[in-house]
Structures are given as C-alpha cells and as structure tokens.
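The sequence and the structure come first, and my entries follow.

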Amino acid sequence: MVLLALVCLSGGATAPEVASAQLDLSRALTRAERALLDEGELVTRPVTEQRGRLRLIGGTSYQVIDRAPETVWRALRGDSADYRHMLPAVHRATERRRSPGFRVIHFDHRVGIVRVGYALRFQFDDSQHVVMFQLDESESHDIRAAWGFFRVRRWHDGRALVSFGSLVDIGSGLMSGAVMPTVHEWVLKIPLTMKWHMDQRGDQYVDEEDDE
C-alpha cells in the first residue's frame, strides 16, 4: 500500500522515486531494530550502488520522535527555512517556488572549505504523510543526482516514526572521494537531526488536537 501511494503521488513517480520507495520496503523492521527504535536510537541501512554513470550513496534510516505524527508532519510542511535545523550541516535553506503540495528549496552546505549548493523539488502527500524529493534540474547545483522520500507514521506507542530513504551522487570533484564517507553518514543521519530539532523546538508545531 505504501509503494502504491508513492507511485500515485502527484500523478506518478519517476524511476528514481520508485527505487527510493523500494529501499524502504525491501524488508520489514526486525525485532532488534524495533527494540533500538523503542530506545530512541537511529536505525540505518546503508547502500552504495553503481547505476550507470551514477555512483550512489545513501540508503534508508528510521527514528522514533517523541512527538505525535501530526506534529512532525506539520514541521515538514512548515517554514522551509526550518529545514536548516532539520538537516545536517545546512548553512541556509531558501524556498524558490511553492504551490499546493509542491515546493522547491535551495540548500547551501558549508563545512570548512567545502561549499555545496543544490535545489530539491518536494512533493507532499498529506493523506499518506509522505514527502518525495529529487534534484530540481531548473537550478544550478554542485551534486550530480539526489532523490528520496520521508514518511511519517504512528509508532505503536503513539509517537512518530520517521522513515527516510535517499540515494545521492555527490559528483567527481577533487574533494568528493575525501568527503564521501562523511556525506554518507549525514544522509542517513537526517531522521536523527529531525529528532533533535523536534526535541528543542517541537512545541511551535503542536496543535491541540495532536494530543487528543
């Protein structure tokens, strides 16, 4: 059912988007993974893949957040500038375009001497609490490819489970080999940085109905 929802999102998904959905659905959470999630730990399933000319890194990761799913979803649907706090090592997140269920956000990363910029196109399915994203080709960017998804659902105890999947090719620049392990870690860490943000600032997204 989740895969069907992803494929049907906004009239159909591209092949990379379907591949990202399959990352999440490849196998159910194990008992050990569920125990880690109950304890507030991040669960990761790293992937490294060669697909044609693309050298992809990423995978799937999961995190339980101590907020209602509706609150976490409201954060994802909120101010695009807040993505700077929810994603690792983002210096600035700037919204370029927006329409119902759609937005383009430009991200700037700055770590030491490394500067990376790119724009992602986000599509939101409010009924399924699913976000799908991919590189927006209308903007200039410093990476070769990126696509993936967020999904927010209710954990067994009422908290939010965030599932995240992404594959990224950071290109073949001089620094790409040196920073690739760090970028791979950052990609899989995104649900955890979302948890940190919601722990610190989650009250701003709460609606009274969330706790009913």
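How many salt bridges does the count come to? I note before answering that this is a predicted model. The count comes to 14 salt bridges, and I went through several of them one at a time.

Entry 1, Glu-70 and Arg-154. I found a salt bridge between Glu-70 and Arg-154, with the closest N and O atoms 2.9 Å apart. The pair links distant parts of the chain, since Glu-70 belongs to helix α4 and Arg-154 to strand β7 (residues 145-154), 84 residues apart.

Asp-136 sits in the loop between β6 (130-135) and β7, while Arg-97 is in strand β3 (residues 90-99), so the pair ties together parts 39 residues apart in sequence. Asp-136 counts as buried at 5% relative accessibility, whereas Arg-97 is partly exposed at 35%.

I placed Asp-169 in strand β8 (residues 160-169) and Arg-144 in the loop between β6 and β7, 25 residues apart. With a relative accessible area of 2%, Asp-169 is buried, but Arg-144, with 28%, is partly exposed. I also recorded that Asp-66, Asp-157 and Arg-159 are joined into one network by salt bridges that share partners.

The largest nonpolar core has 36 residues, of which Tyr-83, Phe-107, Phe-122, Phe-150 and Met-194 touch the most other members. Helix α6 (residues 176-201) gives the most to this core, with 6 residues. I listed a second, separate core of 7 residues, including Leu-37, Val-43, Trp-155 and Leu-161. Going back to Phe-107, and leaving aside its neighbours within four places in sequence, I found contacts with, among them, Tyr-83, Leu-87, Val-90, Arg-92 and Phe-122.

I counted 10 aromatic pairs. The rings of Tyr-83 and Phe-122 have centres 5.5 Å apart and planes at 75°, so I logged this pair as edge-to-face. Tyr-83 lies in helix α5 (residues 83-86) and Phe-122 in strand β5 (residues 114-125), so the pair ties together parts that are 39 residues apart in sequence. Both Tyr-83 and Phe-122 are buried. One aromatic cluster includes these two along with Trp-73, Phe-107, Phe-124 and Phe-150. The charged end of Arg-77 sits over the ring of Phe-124, 4.4 Å from its centre.

Is helix α4 (residues 69-76) mostly covered or mostly uncovered? It is mostly covered, with 6 of its 8 residues buried, including Thr-71, Val-72 and Trp-73. I then turned to Gly-202, in the segment after α6, which is buried with a relative accessible area of 0%. Gly-202 and Thr-71 are 131 residues apart in sequence, yet 7.6 Å apart in space, C-alpha to C-alpha. Leaving aside neighbours within four places in sequence, Gly-202 is in contact with Arg-67, Thr-71 and His-197.

How values were computed. Residues numbered from 1 in each chain as written. Predicted model: local features only at pLDDT ≥ 70, side-chain atom pairs only at ≥ 80, totals over all residues. Heavy atoms only, no water. Core = buried A, V, L, I, M, F, W, Y, C linked by side-chain atoms within 4.5 Å. Buried < 20%, exposed > 50% of the residue type's maximum accessible area, 1.4 Å probe, protein only. Helix = DSSP H or I, 4+ residues; strand = E, 2+ residues; numbered from the N terminus. Contact = heavy atoms within 4.5 Å. Phe/Tyr/Trp six-rings, centres within 6.5 Å; stacked < 30°, edge-to-face > 60°. Lys NZ or Arg CZ within 6 Å of the ring centre and 35° of its normal. Salt bridge = Lys/Arg side-chain N within 4 Å of Asp/Glu carboxyl O.
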